[in-house]
Amino acid sequence: MSAQDRADASPSPSHAMSPGEVQARLDVGAEGLSGPAAEERLRRHGPNRLPEPPRRGALLRFLDQFRNLLIYVLLAAAAASALLGHPLDAAVILAVVVLNAIVGFIQEGKAEQALAAIRDLLAPRASVIRDGRRQEIDAQEAVPGDIVLLEAGDRVPADLRILSARGLRAEEAMLTGESVPADKSADAVPEEAALGDRRSLLFSGTLVVAGQARGVVVGTGAATEIGKVSAMLAGVETLETPLLRRMDRFARQVTLAVLALAVLAFGVALLRGWPAAEAFMAVVGLAVAAIPEGLPAVLTVTLAIGVRRMAARNAIIRRLPAVETLGAVGVICSDKTGTFTRNEMVAGAVVTSAGELAIEGAGYGPKASIMAAEGGDPDPETIGLLRRLARAGALCNDAALAPGDAGHWQVLGDPMEGALIALAARAGVAAEEPRLDAIPFDARHRWMATLHEDGEGGRILAVKGAPEALLPLCRHEAAPEGVRALDPAAWEAAAHRLADGGYRVLALAEARLPDDAGLADARLPRLTMLGLVGLVDPPRTEAIAAVAACRSAGIRVKMITGDHPGTARAIAGALGLDATGRALTGVDLDSLDDEALQGAAAETDVFARTSPEQKLRLVTALQAGGAVVAMTGDGVNDAPALKRADVGVAMGRKGTEAAKEAADMVLADDNFASIAAAVREGRTVYDNLQKVIAWTLPTNGGESLVVLAAIGLGLALPMSPVQILWINMVTAVALGLTLAFEPPERDVMGRPPRVPGASLLPAVLAWRVVFVSAVMAGCAFALDLWATARGLSVEESRTLVVNAIVAMEVGYLFAARQSRGSGFSAEGFRGTPAIWTGIAITSAAQAAMTWAPPLQWTFGTASLGVTEVPACLGAGALLLVLVEAEKALRRAR
Ligand code: ATP
């Protein structure tokens with residue numbers, strides 16, 4: 001029986017009990033469960049996972065493949081053929097339809113699996129206290145009795161009884177339907193309170209939108225409230241994007257046009273005196289020829305491959321349309337810390353009222369050398385002030401350091417806070433005064449405060465934050481002689497100096513309070529300034545290269561940071577991101593109206609001290625200027641900007657669950673270079689979709705032209721309907737699919753972004769489709785005439801034409817691989833493993849169709865001789881040469 005069940009069965013459920021009672025019942029103290037106890041409970045209660053949502057059954061998914069207008073037309077053609085006494089044709093059409101469904105079924109299954117695997121990469125984590133230490137665990141491993149720490153932006157990992165909370169609010173719409181976030185606290189509520197009124201509980205799956213909390217797990221997995229409402233489980237994401245929908249529409253239009261054309265052709269054939277049955281079979285051939293039945297499956301696979309490639313480059317796609325949109329991105333707005341920089345912070349400089357110190361030490365270990373900034377040993381007074389400041393930094397802190405591999409220390413939590421703990425260790429101070437209360441960091445006010453016993457009968461309030469946020473709250477400054485009046489100008493100058501040097505600057509302050517003071521009594525504008533810490537956070541080297549790549553790809557990169565403008569400019573300079581050296585701050589932005597903002601947003605590359613609201617305004621302004629915008633974010637307040645952006649990008653490591661959920665893409669490594677890599681893959685996917693379409697359509701076009709011309713000119717069909725169907729199937733599956741695997745073209749990041757909303761089949765490609773169709777049809781007739789002249793039988797002549805068309809498809813494949821460059825290059829002919837596999841399969845299939853008796857019987861083919869085979873290959877080569885010549889002409893113009 002789970003804890004939640006017990007809670008429900010017992011006379012007083014956990015929301016009506018005091019925190020202490022709940023802890024006693026779950027047998028857990030303040031130090032959390034021990035490792036072995038947690039393991040034992042995990043065995044007993046099972047993983048904290050909801051039962052899998054029911055998947056569509058295999059049969060249903062298979063049958064779904066037939067729900068397509070293209071297929072209906074083919075099925076009708078099969079039925080008509082059977083009725084007209086052509087059972088073989090009917091059987092082959094049916095076989096091809098089933099084969100198509102099987103291929104679609106398998107490919108779709110693979111694509112769904114790929115998406116499911118990617119969802120697993122986003123498995124949520126939880127911060128718990130076990131063995132008295134804060135630890136990050138997989139949320140699936142949370143067990144009843146675990147003490148969980150939560151802050152704004154976190155997703156609640158299990159049902160929790162709140163033990164303590166501050167300013168806590170949770171969004172529970174998914175459970176209660178209430179869209180306004182509910183206030184939460186540790187106070188017990190009456191037993192009969194409805195779900196939405198159980199303010200002492202946090203429910204699994206809901207979002208913390210404000211405040212901080214510590215709670216004990218009372219229910220996991222299926223025993224949670226959300227687990228009981230299984231109907232709400234998120235379904236499987238469908239494989240649909242605007243582009244696929246557009247293609248679907250296109251396919252429907254093609255089908256209707258084909259039907260109209262077929263009726264017309266039937267009429268013409270009758271007028272020309274064809275027997276009705278024969279005319280009908282010719283029209284069936286036309287329908288079969290013109291319908292691109294393999295195309296939808298190939299397009300889906302192309303997208304799925306893009307998703308997989310992006311995941312391999314640390315960009316995890318949450319919403320499929322982002323794959324296409326990424327290729328059109330014209331502006332990337334990225335935050336700085338961790339994205340452009342490594343987010344491995346070291347306190348490198350400290351400014352006190354008595355002097356400045358330089359600190360040299362790598363990582364988060366306690367070893368470092370501390371010197372006066374101007375060189376030499378620091379004086380004892382400055383060291384005294386450093387200790388005081390370092391203690392405040394370690395107290396006002398939510399992070400922890402843990403020993404990692406090879407003597408390195410690892411940060412649990414914010415690396416900047418980790419650097420402050422390391423600074424305290426380096427300065428030789430221990431900060432163990434227990435925390436009584438806290439005001440969490442908020443990107444809007446940019447500081448945080450904690451209240452502690454000071455061990456001398458009083459209390460101490462430790463505060464850290466951005467200098468310009470903290471200075472107005474200070475009245476005094478710590479000095480060697482004790483305290484003295486604050487000199488704001490001197491501190492501002494020092495903060496600027498550090499920021500311009502590329503340091504991330506943090507101010508530290510404190511206040512002494514009487515022993516009964518709470519945070520409500522702490523009058524904040526009475527703080528004593530302790531000093532400034534300059535933190536070094538070097539730019540990522542790969543980000544420098546990625547910024548350059550984006551530039552050459554015609555993409556503007558903008559830095560939007562909460563940090564100081566000086567720091568932002570210095571880092572932007574090091575990244576080669578900003579030529580103007582100008583930075584706009586949030587205050588500047590607020591002074592602009594929407595129109596002025598649009599201009600400023602386009603011209604400026606560095607935005608500093610911005611709030612999440614200003615980020616939202618910036619995205620909107622950039623979009624109003626016509627740009628497709630990608631925007632990064634990590635905080636709970638970034639969600640609106642992420643949703644608004646064309647591609648919202650959340651940080652996988654430091655990002656909150658709220659940001660991840662609002663995002664279209666999550667970066668597993670928080671790295672800017674991964675965004676650039678995803679854009680490159682996005683462009684490649686789009687290129688490949690275009691290649692697949694531009695390559696596939698001429699097959700249908702060429703074949704239709706052949707049938708239409710035959711009817712129009714009153715000639716015999718150079719290929720039978722089943723042969724046409726064979727070509728469509730073999731080439732679409734074995735050859736067309738290979739284009740989905742094409743690597744990025746060399747200049748993929750050397751051209752400007754695609755114009756959003758542009759047609760998938762621009763004029764150049766539409767023309768090529770017509771051109772290739774015409775060449776194919778022309779060749780088919782020429783070969784047909786040649787065969788007749790040489791006295792070949794109808795079977796032999798048709799076999800020749802079929803093989804020639806397939807050979808032309810192969811030739812065109814090499815031309816289609818390079819959308820702009822020449823196919824006549826070492827790179828062009830080297831191909832890819834996919835291409836060569838496709839060609840091998842196609843050749844084997846053609847050989848079987850030509851020479852294997854059962855297939856000869858089925859498809860009405862006959863063996864070809866030594867003269868005919870080179871003729872087919874020649875047709876293939878001819879088409880390649882013609883298309884390349886056309887491309888060369890276009891390039892020369
Ligand atoms: P970016 O948006 O590029 O990641 P950032 O991390 O500097 O930049 P914020 O997290 O909004 O942006 O921080 C803004 C400022 O608030 C920082 O420059 C710092 O001075 C201060 N700050 C950040 N985190 C804390 C914290 N935990 N406690 C106190 N002050 C903080």
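In this predicted model, the C-alpha centres of domain 2 and domain 3 sit 45 Å apart. Where the two meet, domain 2 puts in 8 residues and domain 3 puts in 7 residues.

So much for the head count; now the surface. Putting domain 2 and domain 3 together buries about 490 Å², with carbon and sulfur atoms supplying 68% of that area. On the domain 2 side, Val-679, Met-749 and Pro-756 give up the most area to domain 3, and together they make up 65% of what that side buries. As for residue types, the face of domain 2 that touches domain 3 splits into 5 nonpolar, 1 polar and 2 charged.

What about polar links? The interface of domain 2 and domain 3 has 0 salt bridges by the rule used, but there are 3 residue pairs in polar contact, both partners at pLDDT 80 or more.

Stepping back to the whole chain, the domain assignment goes like this: domain 1 is 3-52 + 126-233, domain 2 is 65-112 + 240-309 + 679-892, domain 3 is 331-340 + 540-670, and domain 4 is 346-536.

UniProt, in an unreviewed entry, puts the feature "transmembrane region" at residues 66-84, 90-106, 254-274, 280-307, 692-717, 761-787, 799-816 and 857-883. Here is how two of those spans look in the model:

| Span | Helix | Strand | Distance between end C-alpha atoms |
|---|---|---|---|
| residues 66-84 | 79% helix | 0% strand | 24 Å |
| residues 692-717 | 85% helix | 0% strand | 28 Å |

Technical notes: Residues numbered from 1 in each chain as written. Predicted model: local features only at pLDDT ≥ 70, side-chain atom pairs only at ≥ 80, totals over all residues. Heavy atoms only, no water. Domains from an automatic or database assignment. Contact = heavy atoms within 4.5 Å. Buried area = accessible area lost by both parts, 1.4 Å probe. Salt bridge = Lys/Arg side-chain N within 4 Å of Asp/Glu carboxyl O. Polar contact = N/O pair within 3.5 Å; in protein donor to acceptor, adjacent residues only side chain to side chain. Nonpolar A, V, L, I, M, F, W, Y, C, P; charged D, E, K, R; others polar. UniProt positions renumbered as here; feature names shortened; annotations may be inferred. Helix = DSSP H or I, 4+ residues; strand = E, 2+ residues; numbered from the N terminus.
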